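Colleague: I've just opened this one and I'm still finding my way around. Could you walk me through the labels and how you back them up?

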Amino acid sequence: MSEYQVPKVWQENPAQKNPFGNQPTAGSRFEQKLPIGKHPLQVYSLGTPNGQKVAILLEELKEANVAAAEYDLYRIDIMKGEQFGSEFVKINPNSKIPAMVDYSVNPPLPVFESASILLYLAEKYQQFIPTTLAKRTEMMNWLFWQTGAAPLVGGGFGHFYHYAPFAQEYPINRYAMETKRQLDVLDQHLADKEYMLGETYTIADMLIWPWYGRLVQGEMYGDAGEFLQVQEYPHLIKWAEKIGKRPAIQRALALEYKEI
Ligand SMILES: N[C@@H](CCC(=O)N[C@@H](CS)C(=O)NCC(=O)O)C(=O)O
């Protein structure tokens, strides 16, 4: 039982400042000049699961010889609060990585939210995206699923199991159960499929792999793989291993991010 008495009005607890320096307000906190490299796509990101999605697609486009998709990749250090700088906030008012600007169009186009970036690039270059409305809708189902589901894994399970300053049974149980349910959704879906949409590798796989593929490979949140007994999801593990071997994925995970 918690001893916390819920007050009438929420107030920030200075003892619980989170490492990103989050505040209950949005907007820029300081003047910032972001570098702009020589390539058409300027990506401001980091090697977290959401950042990896963009790096993966850009490397897959390179693998597919899409020369127009050349990019510069910059590190936004979220622990230093660089996502709250004026130029980053102009690109993404939500102050989260990944964000991108496409300078090959006039005026330059800011794109934020990882799924929106992947969809934009896949549509722009007509790669890794189905052409029929039915298949495209099937892909969108998984794009929206991932966007809605992953925060319960990251902000829910990952936070309370791995990052919170002390362990609490109620939230860990709640989010471990939900995370296992989601892993089972994917495992059952992949039981008779090579990729999320069947035989074709698409951006749906690229969005889902950095979260759920890495989780069942034991690459997230310390000992979470054992805690969640991820060996119970063999179809998901098989898919994760197959995708993890792709050269573009291996390159994407090892990319150097330039300092801003
Ligand atoms: N729905 C967003 C989530 C982005 C997100 O949560 N980014 C995290 C890192 S993975 C971030 O920038 N956190 C910094 C902060 O919360 O201040 C997306 O898919 O792009």
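Colleague: Which residues does UniProt list for "domain: GST N-terminal"?

Modeller: According to UniProt, that domain takes in residues 42-129, and the entry is unreviewed. Bear in mind that what you're looking at is a predicted model. In the model, the span is 38% helix and 19% strand, and its end C-alpha atoms lie 22 Å apart.

Colleague: And what does the record say about residues 132-260?

Modeller: There the UniProt annotation, again from an unreviewed entry, reads "domain: GST C-terminal". That span comes out as 68% helix and 0% strand, with 40 Å between its end C-alpha atoms.

Colleague: How do you know that strand 1 and strand 3 pair?

Modeller: Two strands count as a pair if there are at least two bridges between them. Strand 1 (residues 41-45) and strand 3 (residues 99-102) are joined by four bridges, so they meet the definition of a pair. They run antiparallel. For one spot to look at, find Gln 42, which stands opposite Val 101 in strand 3.

Colleague: What makes strand 3 and strand 4 a pair?

Modeller: Same test: at least two bridges are needed. Four bridges join strand 3 to strand 4, so they qualify too. These strands are antiparallel, and they form a hairpin with six residues between them. Val 101 turns up here as well, with Pro 110 as its bridge partner in strand 4.

Colleague: In what order do the four strands sit in the open sheet?

Modeller: The order is 2-1-3-4, with mixed pairing.

Colleague: Why are strand 2 and strand 4 called edge strands?

Modeller: Strand 2 (71-75) and strand 4 (109-112) each pair on one side only. On average, neighbouring strands in this sheet are turned by 20° against each other, ignoring direction.

Colleague: Which strands does helix 1 lie across?

Modeller: Helix 1 (residues 49-63) lies across strand 1 and strand 2, and runs at about 150° to strand 1. Helix 3 (residues 114-125) lies across strand 1, strand 3 and strand 4, at about 130° to strand 4.

Colleague: What makes the peptide bond between Ile 97 and Pro 98 stand out?

Modeller: That bond is cis, with omega about 0°. Pro 98 sits in the loop between helix 2 (86-91) and strand 3. Ser 95 is in that loop between helix 2 and strand 3 as well, and has a positive phi of about 55° although it is not a glycine. There's another cis bond from Asn 106 to Pro 107, where omega is near 0°. Pro 107 belongs to the loop between strand 3 and strand 4.

Colleague: How many residues surround the ligand?

Modeller: 14 residues do, and the closest are Gln 83, Lys 96, Ile 97, Glu 113 and Ser 114.

Definitions and conventions. Residues numbered from 1 in each chain as written. Predicted model: local features only at pLDDT ≥ 70, side-chain atom pairs only at ≥ 80, totals over all residues. Heavy atoms only, no water. Helix = DSSP H or I, 4+ residues; strand = E, 2+ residues; numbered from the N terminus. Axes fitted to C-alpha atoms, helices over the stretch in contact; angles between N-to-C directions. Contact = heavy atoms within 4.5 Å. UniProt positions renumbered as here; feature names shortened; annotations may be inferred. Near = heavy atom within 4 Å.
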